[in-house]
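User: I am new to this structure. Please show me how to read it, one feature at a time.

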Amino acid sequence: MKLQAASKVLGTVNAPHRTGLSALELADAISDICVAKSNMGPAFAFFSEVSPELQLSFVNEMGLSHKEVRKVAKYFQALCPFPLAFAT
């Protein structure tokens, strides 16, 4: 399966944090608060540095629950002063 959105997203979230999360690891980090806490840099980067359209494409491509991703986005929203698209 070719993950088109994933390849774009991974470059954005991994490079600044010198991490090497796979698409599946990032999917876990943005859909489970416990996993997000152990991968805060890349998970937060997903919600804050990836365009809302690409976020949605990645979530759909990975078959994630929008409800669970929104929970994690709201967790990060409580920690930052600017709006995060997926938290609304």
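User: Which backbone oxygen does the side chain of N14 reach?

Analyst: First, some ground rules. This is a predicted model, where local features need pLDDT of at least 70, side-chain atom pairs count only at pLDDT 80 or more, and totals for chains, interfaces and linings use all residues. Residues are numbered from 1 along each chain as its sequence is written, and side-chain values use heavy atoms, with hydrogens and water left out. A polar contact is a pair of N or O atoms within 3.5 Å; within protein, one must be able to donate a hydrogen and the other to accept it, and residues adjacent in sequence count only if both atoms are side-chain atoms. Here, the N14 side chain reaches the backbone oxygen of L21, at 3.0 Å.

User: Where is N14 found?

Analyst: Helices (H or I, at least four residues) are DSSP runs, numbered from the N terminus. N14 lies in helix α1, residues 4-14.

User: Is N14 buried or exposed?

Analyst: Buried means under 20% relative accessible area, exposed over 50%, partly exposed in between (1.4 Å probe, protein chains only). N14 is buried because its relative accessibility is 9%.

User: What is the confidence of the model?

Analyst: pLDDT is the predictor's confidence in each residue, from 0 to 100. Where pLDDT is low, the predicted coordinates should not be read in detail. This chain averages 92, and 97% of its residues score at least 70.

User: What is I30 in contact with?

Analyst: Contact means heavy atoms within 4.5 Å. Leaving aside neighbours within four places in sequence, the contacts of I30 include F46, F47, F58 and V72.

User: How many disulfides are there?

Analyst: A disulfide is a pair of cysteine sulfur atoms within 2.5 Å. The count here is 0. The sulfur of C34 is too far for a bond because the closest cysteine sulfur, in C80, is 20 Å away. C34 is exposed, at 62% relative accessibility, whereas C80 is buried, at 12%.

Key:
Helix = DSSP H or I, 4+ residues; strand = E, 2+ residues; numbered from the N terminus.
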